[in-house]
Amino acid sequence: MKTEFAKLDGTADEEIYHRASQIINSGGLVAFPTETVYGLGANAFDVAACKKIYAAKGRPSDNPLIVHISDIKDLYPLISGISEKTQKLIDAFWPAPLTVVFRKSGVIPYEITGGLETVAVRFPKNIFAARFIKACGVPIAAPSANSSGKPSPTHASHVLFDLDGKIDMIIDGGHCEFGLESTIVDACGDTPYLLRPGSVTKSMIEDVIGHIEIDKAVLSPLSSGEKPKAPGMKYTHYSPEANVTIVSGSTEKVASFINEKLKSDSSACVIASEQTSSLYDTENLLIIGDRNIPKTIGSNLFKMLRKCDYLNFSSVYCESFDDSEEGLAIMNRLKKAAGYNIINL
Ligand code: TXA
Ligand code: MG
C-alpha cells in the first residue's frame with residue numbers, strides 16, 4: 001500500500017481533511033496529530049477498519065481503542081448512562097488531553113473494547129484533530145500511531161518510520177504539544193481511578209471530583225496474574241531497541257556513575273536535563289529539557305527514546321525526574337521504557 005503524506009500548512013488544509021474523510025468513510029486508516037501524540041484513526045463503527053488498526057500496529061486484540069469525538073453531543077449515543085463524577089469531569093475539562101471511561105452503548109462494537117462493557121472516549125483539544133474528526137462525520141477509534149511497544153509518535157516522521165506502507169494516510173500537523181498520551185480516568189463506580197497519568201494531573205482531577213485512587217499498574221510492575229484496569233498498561237511499552245537504565249540519586253553521584261559507564265562503552269549515551277548536562281564528559285549526550293518545566297521533558301521524552309535508536313546507541317542511561325504532578329506521567333512512561341530497570345545510588 002502507498003501511504004499518502006499530507007502536511008497541514010494552511011494552503012490546502014480543507015482538501016486534506018476532505019481526502020482523509022473519504023479514506024475513513026471507505027474503511028481506511030489515517031494517522032492524525034493531537035495535542036498528546038499522533039493517533040491512528042478508523043471509523044469506530046466499522047469493525048473491519050478497526051481490525052486493520054490492530055494489524056498495522058501489531059497490537060494485541062484485547063487492548064481496547066479510545067474513541068475520539070469533536071463535539072460533546074456526539075458522546076451520548078456512544079454510552080449508556082453517566083455517573084455524576086464523570087459528568088463533572090467532562091464539564092470541567094473537555095476538550096482536553098483527558099480520556100474518560102463510560103459504560104458503552106450498543107453502537108460500540110466489542111472488537112474495539114477488547115470485549116469490555118466499557119468504552120474510553122476522548123474529546124481532543126488540538127484544532128487539527130478536531131477538524132479531522134468533524135470532517136469524517138463519525139467517531140474515530142484511535143490508538144497511538146506507533147508500532148505496538150515502541151515509543152509513541154510525537155512527530156509525523158515517527159509515524160512514517162513505523163507505519164509507512166501499512167496505512168492509507170498521514171496528516172502532518174507538526175510536533176505534539178504535550179508529547180505524552182492522555183490521562184485516563186474511570187469514574188463509573190463509587191471509587192474513581194486514575195488508570196494512566198497524563199498532563200491533566202491527579203490534583204487537577206481531585207479539585208473537581210475529590211479523592212481518586214491510582215491504579216497499581218501506574219506505579220509499579222504487576223506481578224503475574226494481576227490485571228491492570230486499563231488493559232494496555234500490562235504490555236511492554238515505549239521501549240526503544242536500546243537498553244534503558246534510570247539512574248537516581250544526588251546529582252553528583254548520578255553524573256559520576258554515568259560518566260564511568262560511558263567511559264567504558266562508546267555505544268552508550270546519557271539523557272540529561274539542561275541543568276545537569278554540563279556534568280557529563282561525553283559527546284553521547286541528549287538534552288531532554290528543563291527540570292523546572294516538566295512540560296519540556298514530557299514533550300521530548302518519546303522523541304529522545306526514538307533518537308537513541310536512530311543514533312544506534314545500545315545502552316541509554318537516563319536521569320530520574322520529579323514524579324509529582326505532570327512528573328507522574330513522565331516517570332510512568334520512563335519506568336516502562338526502562339522495564340523498571342532503576343539504579344538508586
Ligand atoms: O493521548 C491519547 O490517549 C492517544 C491519542 C491518539 O488520543 N491515544 C492513545 O491510545 O494513547 P492507546 O491505544 O495507545 O492507549 C489507550 C489506552 C490503553 O492502555 C487501553 O488499554 C486503555 O487506553 N483503554 C482503552 N479503552 C479502555 C477501557 N474501556 N477501559 C480501560 N482502559 C481502556
Ligand atoms: Mg499507545
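Some ground rules. Residues are numbered from 1 along each chain as its sequence is written, chains are lettered from A and ligands numbered from 1 in the order in which they are written, and side-chain values use heavy atoms, with hydrogens and water left out. Because the model is predicted, local features need pLDDT of at least 70 and side-chain atom pairs count only at pLDDT 80 or more, while totals for chains, interfaces and linings use all residues.

Let's start with the sheet. Two strands pair if DSSP finds at least two bridges between them.

β1 runs parallel to β8, residues 169-172, and four bridges join them. F5 has I170 as its bridge partner in β8.

Now β5, residues 98-103. What are its two pairings? With β9, residues 183-186, β5 is parallel over four bridges. With β6, β5 is antiparallel, and five bridges join the two. On the β9 side, V100 is partnered by V185. On the β6 side, V101 stands opposite A120. Five of the six residues of β5 are buried; that word means under 20% relative accessible area, with exposed over 50% and partly exposed in between, using a 1.4 Å probe and protein chains only.

Next, the cores. A nonpolar core is a set of buried Ala, Val, Leu, Ile, Met, Phe, Trp, Tyr and Cys residues joined through side-chain atoms within 4.5 Å. The largest one has 46 residues. Those with the most contacts inside it are L40, W94, L98, F102, I167 and I205. Elements giving two or more residues include β3 (39-43), β6 (118-122), α6 (156-163) and α7 (202-209). α2 gives the most, with five residues. Apart from this core lies another, of 26 residues, among them I246, I297, M331 and L334.

Look at L98. Beyond four places in sequence, its contacts (heavy atoms within 4.5 Å) include L89, F93, V121, V185 and I205. L89 itself sits in helix α3, residues 84-93. Is L89 buried or exposed? Buried, at 0% relative accessible area. As a general point, nonpolar side chains in soluble globular proteins tend to be buried together.

Between α3 and β5 there is a loop, and P95 lies in it. The peptide bond joining W94 and P95 is cis, with omega about -5°.

On to ligand 1. How many residues surround ligand 1? There are 28, counting any residue with a heavy atom within 4 Å. The closest are T36, R59, H68, S182 and G232. Three of these come with distances to a ligand oxygen. A polar side-chain atom of R59 lies 2.8 Å away from one. For H68, again through a polar side-chain atom, the distance is 2.6 Å. G232 uses a backbone N or O atom, at 2.6 Å. The protein covers 97% of the 690 Å² of accessible area that ligand 1 has on its own. Those areas come from the Shrake-Rupley method with a 1.4 Å probe; for residues, only the protein chains shown count as cover.

Last, the other end of the chain. Helix α11, residues 327-337, has eleven of its eleven residues buried. After α11 comes G339, with a positive phi near 55°. Y340 also has a positive phi, near 60°. Y340 sits in the loop between α11 and β16 (342-344), and is partly exposed at 24%.

V244 belongs to strand β12, residues 243-248. V244 is buried at 4%. Its contacts beyond four places in sequence are L305, V316, A337, A338 and N341.

One more positive phi: N312, near 65°. N312 lies in the loop between α10 (294-310) and β15 (315-319), and counts as exposed at 65% relative accessibility. For context, most residues other than glycine have a negative phi, and most peptide bonds are trans.

How values were computed. Polar contact = N/O pair within 3.5 Å; in protein donor to acceptor, adjacent residues only side chain to side chain.
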